[in-house]
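Thanks for coming, everyone. Let me put the model on the screen, and then I'll walk you through it.

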Amino acid sequence: MTAPTTQTMGGTGSSAVPSAGLAAHQVSLSFGRQSVLDRVDLHLAPGETVGLRGPSGSGKSTLARVLGLLHTPDAGHVTFDGRPVVGARHRLPAAIRTRVAILFQSPRAATDPRLSLADIVAEPLRATGTGKDEARAQAAELAELVGLTPDLLTRRPHAVSDGQLQRACLARALVHRPAYLLCDEATAMLDASTQAHLAGVITDYQRQHHAAVLLITHDPALMTRWATRVVDLPPPAGS
Amino acid sequence: MTTTVLSATTVTVDGPQHALLKVEGLSVRFRLGDATVHAVTDLHLTLHPGELLAVVGESGCGKSVLAHALLGLLPGNAVVTGRAHLRPPTGDPVDLVGCGERHLARAVRGRAVGLVPQSPATALTPVRTGRRLLEETLRAHGHTRRDAPVVADRIAADVGLDPNDLDRYPHELSGGMAQRLATALALAPDPPLLLADEPTTGLDRPLVDHTLDLLRRRCDGGAAVLLITHDLAAARRVADTVAVMYASRIVEHRPTAALFDAPAHPYTAGLLDALPDRAFRPVAGHPPMLTDLPAGCAFAPRCDRATDTCHTPPALGRDGAGRVACHHPTSTGARA
């Protein structure tokens with residue numbers, strides 16, 4: 001594997017709008033008086049794995065949430081295959097919001113403790129109107145891909161380990177066959193073997209579907225191994 | 001306090017006498033309806049002052065249960081057998097398994113054995129500021145009203161927390177800051193034994209290194225640390241010896257450099273191969289359910305060296321400078 005190229009993202013300067021891909025253009029976002037993102041550009045082209053690096057508080061997770069269409073930026077915009085995306089979450093048509101999926105760091109915080117793993121995986125399909133049986137069948141197929149046994153699928157989150165629950169979250173993220181997968185420290189709490197397994201599943205998926213991955217990690221070894229290109233977010237303003 | 005400083009090169013896993021902690025045949029079972037969870041099985045460990053032992057393994061292998069068993073913090077359906085002799089430099093020796101809740105509460109938790117918890121968000125009292133929590137701890141351990149605030153500032157600075165941030169409530173702290181506050185609370189009474197249960201979860205790399213180095217410095221000052229982690233890089237950075245746990249048992253335990261350079265157990269070798277700076281290849285198959293462990297070696301179903309012999313459980317026997325529980329360990333030629 002070749003060493004990733006590195007680029008540093010400046011706060012200013014914009015580029016031409018590339019057509020295919022998911023991109024943030026001059027995106028700014030504040031929480032109260034705290035500026036988190038300040039005119040940030042990031043382009044994710046189909047098939048590539050972009051590593052996103054930066055100190056704590058530099059806005060990596062926030063940028064992932066903006067690109068994941070969960071937050072509307074205060075200024076700037078997100079484009080999807082060259083077309084600007086207006087709004088976020090359920091204000092967007094399913095045809096767009098299901099193209100991007102996020103895998104979060106903590107699977108416990110990202111799953112409903114009342115649902116079985118099978119229902120957790122099938123939830124995004126049910127939410128877009130797929131029938132119960134059809135959703136279950138597709139979920140089972142994905143569960144196998146990520147290495148969840150049928151026995152595990154009947155359990156609820158409290159009865160499985162973090163590694164097993166994160167496998168379910170990955171299956172859920174892939175259930176709509178997204179073109180973009182955003183991994184926000186998704187393997188930070190997993191052991192080396194589970195991490196390598198999930199990375200393998202994601203890489204295979206990328207190859208098959210020509211999907212792009214945004215990889216946020218603090219682990220330099222993982223970044224070097226996995227990312228084809230690394231982008232540095234500058235530290236937060238005023239620090 | 002005795003200050004025997006052992007360097008990583010001289011430590012072997014049995015070492016000299018006068019261990020601070022000697023765990024003998026510790027087993028933990030949880031009763032769940034008809035099933036029994038085998039969380040920790042026949043565990044033997046010795047920890048000396050100045051030693052940092054890392055217990056590594058995948059999630060659900062029983063490593064956190066070990067830490068909680070030593071502090072009597074397991075839920076009511078847990079059955080703990082075996083012994084864990086603690087010989088603090090001051091005070092009487094005590095068996096942590098048999099001494100009872102009253103003694104644990106009065107003389108052990110916090111005082112003789114500190115715990116850096118896995119989840120600071122649930123370990124901190126939400127209605128008190130960091131300063132109140134820290135000063136309360138210090139005053140309970142003999143510091144005066146006048147001297148506690150000064151010591152609190154110093155300890156906060158030690159763990160990398162701005163003393164001004166002590167005046168915030170836990171919900172006003174970031175995950176990393178809360179973890180540092182929880183670490184400060186564990187270090188404040190200066191316990192001779194520290195149990196650190198995944199102390200670096202949720203921290204970014206510089207903070208991970210800072211926290212690990214802090215634990216290392218505690219050891220160099222004469223304390224002993226049991227570091228429980230899934231992060232092999234963390235173990236490699238600071239541990240004197242590393243114990244690998246698989247399906248409730250220690251399967252290999254040896255000095256850190258030897259474990260990383262020449263693992264003997266196929267599971268250890270597989271785990272190391274999964275590292276992104278090595279082969280980045282997962283261990284084939286899945287760990288067994290702790291409610292339904294195979295009769296023989298628990299790793300045999302995933303192991304390419306397994307034979308019929310593996311239907312009988314392997315004992316954790318001496319192997320060079322360490323211990324390994326395997327009928328077919330990889331060549332011992334590299335390990336003297």
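First, a word on naming: helices (H or I, at least four residues) and strands (E, at least two) are DSSP runs, numbered from the N terminus. Now the ground rules. This is a predicted model, where local features need pLDDT of at least 70, side-chain atom pairs count only at pLDDT 80 or more, and totals for chains, interfaces and linings use all residues. Residues are numbered from 1 along each chain as its sequence is written, while chains are lettered from A and ligands numbered from 1 in the order in which they are written.

Let's start with α1 of chain A. After α1(A) comes A:Leu69, with a positive phi near 65°. That is a positive value in a residue other than glycine. A:Leu69 sits in the loop between α1 and β5 (75-80) of chain A.

Is A:Leu69 buried or exposed? A residue is buried if 20 or more other C-beta atoms lie within 10 Å of its own, exposed if 12 or fewer, and partly exposed in between, with C-beta atoms placed from the backbone. A:Leu69 counts as buried, because it has 25 C-beta neighbours inside 10 Å.

The helix itself, residues 60-67, is mostly covered, with seven of its eight residues buried. Among them are A:Leu63, A:Ala64 and A:Val66.

Compare A:His210. Its phi is positive too, near 55°, and again the residue is not glycine. Look for A:His210 in the loop between α7 and β9 (212-216) of chain A. A:His210 is exposed, because 12 other C-beta atoms lie within 10 Å.

Next, α3 of chain A, residues 117-127. Eight of its 11 residues are buried, including A:Ile120, A:Val121 and A:Leu125. What do the buried residues of α3(A) pack against? They pack against α4 (132-146), α5 (150-153) and α6 (162-174) of chain A. Just after α3(A), A:Gly129 has a positive phi of about 95°.

On to domains. Bounds come from an automatic or database domain assignment. For chain A, it gives domain 1 (1-99 + 178-239) and domain 2 (117-177). Their C-alpha centres lie 24 Å apart. Contact means that the C-beta atoms of two residues, placed from the backbone, lie within 7 Å. By that rule, 14 residues of domain 1 of chain A touch 13 residues of domain 2 of chain A. On the domain 1 side, helix α7 (residues 192-209) of chain A gives the most, with six residues.

Now chain B, and two helix pairs. Axes are lines fitted to C-alpha atoms, for helices over the stretch in contact, and angles run from 0 to 180 degrees between N-to-C directions.

Pair one: α4 (residues 130-140) and α6 (residues 175-187) of chain B. They pack at about 15°, with axes 9 Å apart. B:Gly130, B:Leu133, B:Leu134 and B:Thr137 of α4(B) meet B:Leu181, B:Ala184 and B:Leu185 of α6(B).

Pair two: α4(B) with α5 (residues 148-158) of chain B. The angle here is about 115°, and the axes are 9 Å apart. Residues making this contact include B:Leu134 and B:Leu138 of α4(B), and B:Val151 and B:Ile155 of α5(B).

Last, the chains together. Their contact takes 23 residues from chain A and 20 residues from chain B.
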